Amino acid sequence: MEIRRHVPDLADLLRLYGSVGWTAYTDDPDRLCRAWQGSLLTLSAWVEKILVGALRAVGDGETILFIQDVLVVPERQRRGIGTMLMREALAVYPHVRQTQLLTDNAPETLAFYRSLGFMPAEEAGCRALLRLNQ
């Protein structure tokens, strides 16, 4: 497997996002393309010529890094691809004061991010807030 620092072709991204059911992204390909182009960091995981995982981060690269998307095709999940992507992103910005992400509340997801040093905001005496726009 190879990790690349670049923006994959839109067709590859649409296949990847579609494989995990993230239709909010696949329903608006132009927006997905702009989001990737405007990201601070983009990483992709490849097996031969097949995109099997990706990570997208936004922020200023100095005080804040926000991991926006981490996804791996279902048939390759639980094989270390997500971990490799996350470790690469954290290695690119080791000096950033705060790295954040927002994810679902599944126990296995929490265990995955805890294994990488993340904790729920409440454990750090913080509260995460968000505003959703349709």
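Partly exposed residues have a relative accessible area between the buried limit, under 20%, and the exposed limit, over 50%. The model shown in these views is predicted.

**View 1. A salt bridge joins E2 and R4.** The closest N and O atoms of E2 and R4 are 3.4 Å apart. E2 has a relative accessible area of 40%, so E2 is partly exposed. R4 is partly exposed too, at 27% relative accessibility. The structure holds four salt bridges, and this pair is one of them.

**View 2. Five strands form an open sheet.** The strand order is β1-β2-β3-β4-β5, and the pairing is mixed. β1 (2-4) and β5 (98-101) stand at the edges. Each has a single partner strand, so one side of each lacks a neighbour in the sheet. On average, neighbouring strands are turned by 25 degrees against each other, direction ignored.

**View 3. Strands β4 and β5 pair in the parallel sense.** Strand β4 covers residues 64-72. Four bridges link β4 to β5. I64 stands opposite Q98 in β5.

**View 4. L43 is buried in strand β2.** The relative accessibility of L43 is 0%, so L43 counts as buried. Residues touching L43 include I3, W36, L55, L85 and A89. L43 and V70 are 27 residues apart along the chain, and their C-alpha atoms are separated by 9.4 Å.

**View 5. D12 and R15 form a salt bridge in helix α1.** The closest N and O atoms are 2.4 Å apart. D12 and R15 are three residues apart in helix α1 (residues 10-19), so about one helical turn separates them. D12 counts as buried at 15% relative accessibility, whereas R15 counts as exposed at 55%.

**View 6. D69 and R56 meet in a salt bridge.** The N to O distance is 3.1 Å. D69 lies in strand β4 and R56 in strand β3, so the pair ties together parts that are 13 residues apart in sequence. D69 is buried, at 1% relative accessibility. R56 is also buried, with a relative accessible area of 6%.

**View 7. L102, L130 and L132 form a nonpolar surface patch.** Together they have about 350 Å² of accessible area. L130 lies in the segment after α5 (107-115). L130 is exposed, with a relative accessible area of 53%.

How values were computed
Residues numbered from 1 in each chain as written. Predicted model: local features only at pLDDT ≥ 70, side-chain atom pairs only at ≥ 80, totals over all residues. Heavy atoms only, no water. Pairing = 2+ DSSP bridges. Helix = DSSP H or I, 4+ residues; strand = E, 2+ residues; numbered from the N terminus. Axes fitted to C-alpha atoms, helices over the stretch in contact; angles between N-to-C directions. Buried < 20%, exposed > 50% of the residue type's maximum accessible area, 1.4 Å probe, protein only. Contact = heavy atoms within 4.5 Å. Patch = residues over 30% accessible without salt bridge, like charges linked within 9 Å, V, L, I, M, F, W, Y side chains within 5 Å. Areas by Shrake-Rupley, 256 points an atom, 1.4 Å probe, with all protein chains shown as cover. Salt bridge = Lys/Arg side-chain N within 4 Å of Asp/Glu carboxyl O. Lists of a residue's contacts leave out its neighbours within four places in sequence.
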